[in-house]
Amino acid sequence: MSTLTKYRIEVTIDKLTNSIVNTISGDSFETIVNPVNKADLRMISAKTNWKFDWKKEFRLKDRVTYKLSIIDNHEVVQGLMSLSDCRNHYYIHLIESAPFNTGSPKLYEGVPGNLFAFACKLSQEQGYQGFVAFASKTRLISHYEKSLGATHIGNHKMIIFPENAAILINKYYK
């Protein structure tokens, strides 16, 4: 299980929205999360300013990599996340917003929150009550406590418990 502690999440939750929101127009766009396929990975690399090696992550057998996209535009990946099913909760290894959704100016807000909410929803659907765990960078522990309602249980480990998972699920999926 040492692979579960390899990474520490360092994405900032910019805004909890009910979808993703265009920062220029203020328009909301419904999203969909699907497993990544090899074709998706052609444009996801350090050359296109993604921070993590998602091709390597995709090949790992103990997890599934998911992409967030706008319902009417599946080809453009808004963000990525890799998850493991730990048989009583889901573990998030990595989350990353697309390069055009980070920093200032960014095109869409709400991408990281949307991905966390999806992990909680998947956990709930699997019968795990919404339990999700991840490891955080030290400087972001209090950020995740405030923005996601995650609980720090020590040694960088964070858990989203069912009541806060339900809040995220309702925000994005109800």
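Of the contacts in this chain between residues at least 6 apart in sequence, 64% join residues at least 24 apart. Please keep in mind that this is a predicted model.

Now the overall layout. The chain has four helices and 10 strands. Reading from the N terminus, the order is β-β-β-α-β-β-β-β-α-β-α-β-β-α. The C-alpha trace spans about 40 × 35 × 30 Å along its principal axes. For 174 residues, a compact globule would have a radius of gyration near 16 Å, and the chain, at 15 Å, agrees with that. Buried residues account for 48% of the 174. The accessible surface is about 8,900 Å², and carbon and sulfur atoms make up 52% of that surface.

Next, a lysine. Lys-67 sits in strand E4, which covers residues 64-70. Is Lys-67 buried or exposed? Its relative accessibility is 8%, so Lys-67 counts as buried. Which side chain does the side chain of Lys-67 meet in a polar contact? The partner is the side chain of Asp-40, at 2.9 Å. Setting aside residues up to four places away in sequence, Lys-67 touches Ile-32, Val-33, Asn-34, Pro-35, Val-36 and Asp-40, and also His-74, Val-77, Gly-79 and Leu-80.

Two of those residues come up again with Ile-44. Ile-44 lies in the loop between strand E3, residues 31-35, and helix H1, residues 54-59. Although it is in a loop, Ile-44 is counted as buried because its relative accessibility is 4%. Beyond its neighbours within four places in sequence, Ile-44 is in contact with Trp-50, Trp-54, Lys-55, Val-77 and Leu-80. Val-77 and Leu-80 are also on the list for Lys-67. As for Leu-80, 36 residues separate it from Ile-44 along the chain, and the two C-alpha atoms are 9.8 Å apart.

On to helix H3, residues 141-148. Its buried residues are Ile-141, Tyr-144, Ser-147 and Leu-148. How are these buried residues arranged when seen down the axis of H3? They fall within an arc of 140°, so they line one face of the helix.

Last, the cysteines. A disulfide is a covalent bond between the sulfur atoms of two cysteines. How many disulfides are there in this model? The count is zero, taking a disulfide as a pair of cysteine sulfur atoms within 2.5 Å. Cys-86 is in no disulfide, and the nearest cysteine sulfur to it, in Cys-120, is 14 Å away. Cys-86 is buried, with a relative accessible area of 17%; the cut-off for buried is under 20%. Cys-120, at 0% relative accessibility, counts as buried too.

To recap: Lys-67 is buried and its side chain contacts that of Asp-40, the buried residues of H3 line one face of that helix, and the disulfide count is zero.

Methods. Residues numbered from 1 in each chain as written. Predicted model: local features only at pLDDT ≥ 70, side-chain atom pairs only at ≥ 80, totals over all residues. Heavy atoms only, no water. Helix = DSSP H or I, 4+ residues; strand = E, 2+ residues; numbered from the N terminus. Buried < 20%, exposed > 50% of the residue type's maximum accessible area, 1.4 Å probe, protein only. Polar contact = N/O pair within 3.5 Å; in protein donor to acceptor, adjacent residues only side chain to side chain. Contact = heavy atoms within 4.5 Å. Arc of directions from axis to C-beta. Rg over C-alpha atoms; globule rule 2.2 N^0.38 Å. Areas by Shrake-Rupley, 256 points an atom, 1.4 Å probe, with all protein chains shown as cover.
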